[in-house]
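Subject: Structure for you to look at

Hi,

Here is the structure I promised to pass on. Have a look at it first, then read on for what turned up.

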Amino acid sequence: MAMAQISLPLPVLPEGWSAPNDFKAIGTLSIPNQRNLEPVGPHFLAHARRKRHKRTFSEDERIQANENVKKVEEDDGGDISEAEDPLMLARDAKDWKGQDHYAVLGLSKHRYRATDSQIKRAHRKKVLRHHPDKRAATGSSEDDSFFKCIQKAFEILTDPVKRRQYDSVDENANVDPPSKKAASKSPSAFYKLWGPVFESEARFSKTQPAPLLGNDKSTKEEVEEFYNFWFNFESWRSFEYQDEDVPDDNENRDQKRHVERKNNNARKKKKTEDTARLRQLVDDCLAGDERIKKFRKEARAGKDKKRLDREAEEKRVADEAKKAKEEKEKLVKEKEEAEKVEKAEGKKAKEAAKNAAKKNKRVLKGSVKDANYLLPDGQEAGAKRIDEILGDVELVMGKIDNEELASLAGKLGGLKLAEEVGGIWKEEVEKLEGEGKLKAGEVRTLGS
């Protein structure tokens, strides 16, 4: 290896400096040792590689760039690998709104399902292949227009708001509805062709997960839930991505407001058209759905059965009502006869009780009369005494019922002595006072 010798001048000494007076030694140099140095590191390896293969710097960089691209493609596998369309490579970067961002990154088969990881890996792969420095190193004459398309696609798809706006108008992710002839070829063709259509449209639903078409084994409730959901579908599509660019300059405010109003009107129109499109799509699917026809046929059969059952039930109810009416009339008649008999017997019983009460009252009044109005023998009762005794008797009789009246009459029946009769009357008065039916002292003659 050739040796190079470089002469470096010593720094200029300060003015007035003198070695004997100003120089002070602060240390000493160590004894020199001779050592062997081994070249290592990426730069040495690159140097060794160039020497070994006799390459220039530019040749080595070009070959290494190609190998890196190949390595990235092998590492990525096939999930984000797509053939590049020559027309897409020649796109004008200024027309970025018209480009298919997923196709630019090689994610056409993933589209709105592409994850952040897949987007980043696809971007890295495209950058390694189409970066201007890499293209220049490989000797390609391609300009950086497609690289700008790649960067714009990555910017849109990594921004959640911008990506949602783009997905809102990504027609390439839609699945066209099948024709009536194609959907009716076989029972399974209807579900096979219409199922992906609603799976694609479901990405715009505010409510997730959205019910899907199902199959011929779906229940009536599941089918009704599906059509009710899609007939009342709430979409989040905004169509902002297709807005006309609003001028940024502050001088032309009228033009800016005009463009904003124009964009708002265009969004509303597209929203209305999309709602009508989806409604027509659901109508077409409903018209060819054999499950609906089957459910309607079952419903008609069920209605006929219900009608026959209802008529039979009405006849049974009428017969039972007639029978119940006859039974009721019979019971009413029997009840009326029984009431007549009971009324007659009750009348007899009342008359008997009334007569018995009268008889017992005569016994009670007669008991005090027979006992000389509770006066000793030989002593004549005056009119006042008689009135007082009979008044107390009437008072006591008014406080007791017929049974107690009969009981009291039974006790007094046949007694003549004033002491015996008076004792029984006294007991009755005390009993009534204890029961609260009479006040103390209210009966003056019988209780003394």
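One cut-off before anything else: a residue is called buried when its relative accessible area is under 20%, and exposed when that area is over 50%. Also keep in mind that this is a predicted model.

With that cut-off, take Phe239. Its relative accessibility is 6%, so Phe239 counts as buried. Phe239 is part of the loop between α12 and α13 (253-287), and its phi is near 60°, a positive value in a residue other than glycine. For background, most residues other than glycine have a negative phi, and most peptide bonds are trans.

Lys54 also has a positive phi, near 55°, and again this is a residue other than glycine. You'll find Lys54 in the loop between α2 (42-53) and α3 (57-76). Is Lys54 buried or exposed? With a relative accessible area of 76%, Lys54 is exposed.

On the peptide bond side, have a look at Gln208 and Pro209: a cis bond joins them, with omega at about 0°. Pro209 sits in the loop between α11 (187-201) and α12 (220-231).

Gln99 has a relative accessible area of 2%, so it is buried. What does the side chain of Gln99 reach? The backbone oxygen of Cys149, at 3.2 Å. Setting aside neighbours within four places in sequence, the residues in contact with Gln99 include Arg91, Val104, Lys152, Ala153 and Tyr166, as well as Cys149.

In soluble globular proteins, nonpolar side chains tend to be buried together. Here, the largest nonpolar core has 25 residues, and the ones with the most contacts inside it are Leu364, Val393, Val396, Trp425 and Leu446. At least two residues of this core come from each of α14 (290-370), α15 (383-399), α16 (402-412) and α17 (418-435). The largest share, five residues, is supplied by α17.

Leaving out neighbours within four places in sequence, Val396 is in contact with Trp425, Glu428, Val429, Leu432, Leu438, Val443 and Leu446. There is also a second, separate core of 23 residues, with Phe198, Val223, Phe229 and Trp230 among them.

Cheers

Note on methods: Residues numbered from 1 in each chain as written. Predicted model: local features only at pLDDT ≥ 70, side-chain atom pairs only at ≥ 80, totals over all residues. Heavy atoms only, no water. Helix = DSSP H or I, 4+ residues; strand = E, 2+ residues; numbered from the N terminus. Buried < 20%, exposed > 50% of the residue type's maximum accessible area, 1.4 Å probe, protein only. Polar contact = N/O pair within 3.5 Å; in protein donor to acceptor, adjacent residues only side chain to side chain. Contact = heavy atoms within 4.5 Å. Core = buried A, V, L, I, M, F, W, Y, C linked by side-chain atoms within 4.5 Å.
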